[in-house]
Amino acid sequence: MNNIMPKIQYSFLIQCLLLLFVSTIGLAQDYMITGRILDQNSGEAIEYASITTHNLSDSTMLTGVVSDALGQFQIKNPKGTAIYLNAQFLGYAGYTSATLQGGATINLGDISLSVNGAILSEVEVTGKAITSAHKLDKQVYDAGQFQNAKGGTATDVLSNLPAVSINSFGEISVRGATGFMVMINGKPVQSDPAVILNQLSANTIEDIAIITAPSAKYDPDGNAGIINIITKQNISDGTYFSANILGGLPSIENYDNKKNTPRYGADVQLNFKKGKWDISTALDYRRYDIAGRREGYVNTFVDNVLTEFPSDGERSSDIKNYSARLSTTYTPNKQQSITAGFYFGKRTKERTADILYTNQQRTSVATNDFLGTAAYYDDFLRTGTVFSGGTPINQLTFFNENLRIRRGDFAIGSLDYSIKLANDATLKFSGLYERTVLGGPTDNVSLGYPNTSQILQLQLNDNNNPLDGIRFQVDYSKKIKELTWENGYQYRYLKHPGDFDYFDRDLVNNTWVENPLFTNSIELTRKIHSVYSQVSGQSGNWQYSGGLRLEHFDRKVTIARPDATYLLDKLNLFPSLNVSYDLGNDLLAKVGYSRRIQRTTTFKMTPFPEREHSETLEQGDAELLPEYVDVVELGLVKNWGDNSVFGNVYFRKIENVINRVNTIFNDTILNRIYTNVGQANVLGIELGTTVYPTDGWRIYFGGNIYSYGIEGSLFGDGINTSNTVYSINANSTVNLSPTFSLQLALNYLSERITAQGEDSRFYNPSLSLKKSFLDKRLTLGLLWRNIDLGLLNSNEQRITTVRDNFFTTTNYVYEVDILQLTVSYQLNQVAKKLKLTESEFGKGEF
């Protein structure tokens, strides 16, 4: 409790300063016209609506703004003495006010716009699309601008965003941090984010929002913030239907893999909205196999014996995804709405690692001749070994077949009820239940070589990890003059047991024998109670949001062998502040602060080793502490014409930073262990721009560069490392005709220094062609992924770790020059897409 009180006092002081700041802004109000734009049918806010004031005498436009995410607008110090106001949004009938008097503060209240079917069917969008929008606490990207993600998954869309990078293992990081929360249409998921993102079809995604400094009303989980995926949904009455088919051409290079790599898939979406009902559903199936190989070398130095085991062979993946989504909203009146949502998914990944090992041991090797092994790295690249001295004592060549199958079955259900109360207040109740079953077997067999009919070792391990998660939340919001006051309570419960079984084959008696070293059970339970309060609003050129979240969570980890229980009980405060200021001349400045937490997963807390393949174990720590993260960022957004550029400078301090490190298990096996190593500091800058050199040519560039430093201890040794990492995601789109476009894209991640070594650079260029027919209802696409042509080193990455008593380096080479075709058909336009076309004043006000 003594450790908690200073943090509470510190955060209380911050909260007082936030309230003082908000109050000061509220006192400095000028004359203004305010109001809120709503959809007449659903009562939902309309964002990006154009609001203009005009001179009553000659209808000359005097000023213009756009509505924000809550539908609110504010015109400061309106010009003119006798004026009127227009509000309009594409596809809706316009609104014109009565005569207004300038020089006075006027609140027009709620302005409801009705969908105009005639206008919607006749409109032709001719402006350039808004491909990104920078809001107070988030950046929103139009998923449709990335042609290289067509037919792929949510991960393929994310790989194009400025702050996001993906390595050769498919690990996603945002500004260099791998921990983040995933939400689908604002609903958090509690299972592995990477698995969910690899299940969700890119064709169903409308927008992706990156929230790097979330406000207090959001869950504080994820040291990199929140990724919110918005799926396509109609907002006007009618029926929307789309279907997509993916087909992969035969592999150009199969890397001597045993099997071919089929790639195909399909998805369909249907949305029906009429009157009080809004129903949408989506189905998706995807089979996407990747060929590949790995080239590795490992050595250990134990008791004056050097053991070396170079390896080479197949490393491929067979991946299958199924998913289904259903959402139903019933709006009995303008005050109430009920929404039920369901998501079902199944993912299977079979990783094949058939590797030829050549093990050899040498003795009489002096310790001072074994210079930390890193000094011999160049020798290894040249000769395939790092030491030629000593006396050979043992050598064995064998072929290892390792098949690791991972399955994930997901079922998520949610129910939401919202009611609008008197005096501009809203009350919302939401509940969510998630059932996820993870696990799968690993078969490991070592065979003689070249006589592979001889079985040297046969092992089988399996695990079953069902997860049950419950979330209940109550939110209350109220308008108080120009402020929005939001409060809420949330309860979360997670139960995640796991059974791990490991068997060795007795080759003499032909029976399976349980291995007690790797057989065990674990159960993680976590309960979280939290309350929050925050205020937000707009005053003149200022927009602001400040809040505080108080959370109590307790964690219990139980291990079967030996019988042990580990408890953790924490009381945490999570303050947040976001402020933006319109500097004029289409220039916007913003600053944000947020405190976050990265809770440890069950996998990282499993304190007994799990065998991944012949040379590697994985092990966690049942007493692993969560990471606490403080994030501060400062940004600028500049628009001119159809072009835009933004930059964000950010600093992130991480307490109890978690690293995966290697130790020696025995002379031929390394153990990967997750452990807290100290504190990390990250200082970086994120840049992005969209420019149109000509009417038919768009260039998109996103870049991120940061300095990452760790200071702490690892197994008794001090750590003080730092390095600079950068990533680039860029594309260039050329419209060869109104219905034919070409896009060249590049994703690049620089080399990175780790706690024990380094990860090499990783990059993938791609080229896509898109041709539309039948008034853009039918679209054909050709995608060339991972362009290489034998001239580059695309889609491969070398991972190296080194300590005084071991050295390991592995080059992962995955399939390049992948060609795939897509066919898409769309019946009726999703009206929500019209929000992403540029309004008359959208780019200026943003």
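Me: Which residue does Glu618 meet in a salt bridge?
Reply: In this predicted model, the side chain of Glu618 meets that of Arg660, at 3.5 Å from N to O. The pair links distant parts of the chain, with Glu618 in strand β35 and Arg660 in strand β37, 42 residues apart.

Me: And is Glu618 buried or exposed?
Reply: Glu618 counts as buried because its relative accessibility is 6%, under the 20% limit. Arg660 is partly exposed, with a relative accessible area of 40%.

Me: Which way do the side chains of β35 point?
Reply: Thr616 and Glu618 point one way from β35 (residues 616–619), while Leu617 and Gln619 point the other way. All of these residues are buried. In a regular strand, side chains alternate between the two faces of the sheet.

Me: Which strand forms a hairpin with β35?
Reply: That is β34, with two residues between the strands. β34 (residues 610–613) and β35 run antiparallel and are joined by three bridges. Arg611 stands opposite Leu617 in β35.

Me: In what sense do β35 and β38 pair?
Reply: β35 and β38 pair in the parallel sense, over four bridges. Gln619 stands opposite Ile673 in β38.

Me: Back to the charges. How many salt bridges are found in the whole structure?
Reply: The search finds 29 salt bridges. One is between Arg263 and Glu815, whose closest N and O atoms are 3.0 Å apart.

Me: Are Arg263 and Glu815 buried or exposed?
Reply: Both are buried.

Me: What about Arg561, which partner does it have?
Reply: Arg561 forms a salt bridge with Glu514, the closest N and O atoms being 3.2 Å apart. Arg561 lies in the loop between β31 and β32 and Glu514 in strand β29, so the pair ties together parts that are 47 residues apart in sequence. Arg561 is partly exposed, at 41% relative accessible area, and Glu514 is partly exposed at 36%.

Me: Now the surface. Which residues form the nonpolar patch?
Reply: Among them are Val591, Phe651, Ile685 and Tyr726, and the patch has about 880 Å² of accessible area together. The elements giving two or more residues are β36, β37, β38 and β39.

Me: Which element gives the most?
Reply: β38 does, with three residues.

Me: Where is Tyr726?
Reply: Tyr726 is in strand β40 (residues 717–737). Tyr726 is partly exposed, with a relative accessible area of 35%.

Terms used:
Residues are numbered from 1 along each chain as its sequence is written. This is a predicted model: local features need pLDDT of at least 70, side-chain atom pairs count only at pLDDT 80 or more; totals for chains, interfaces and linings use all residues. Side-chain values use heavy atoms; hydrogens and water are left out. Patches are made of residues with over 30% relative accessible area and no salt bridge: like charges are joined within 9 Å, nonpolar side chains (Val, Leu, Ile, Met, Phe, Trp, Tyr) within 5 Å. Accessible areas come from the Shrake-Rupley method with a 1.4 Å probe; for residues, only the protein chains shown count as cover. A salt bridge is a side-chain nitrogen of Lys or Arg within 4 Å of a carboxyl oxygen of Asp or Glu. Buried means under 20% relative accessible area, exposed over 50%, partly exposed in between (1.4 Å probe, protein chains only). Two strands pair if DSSP finds at least two bridges between them.
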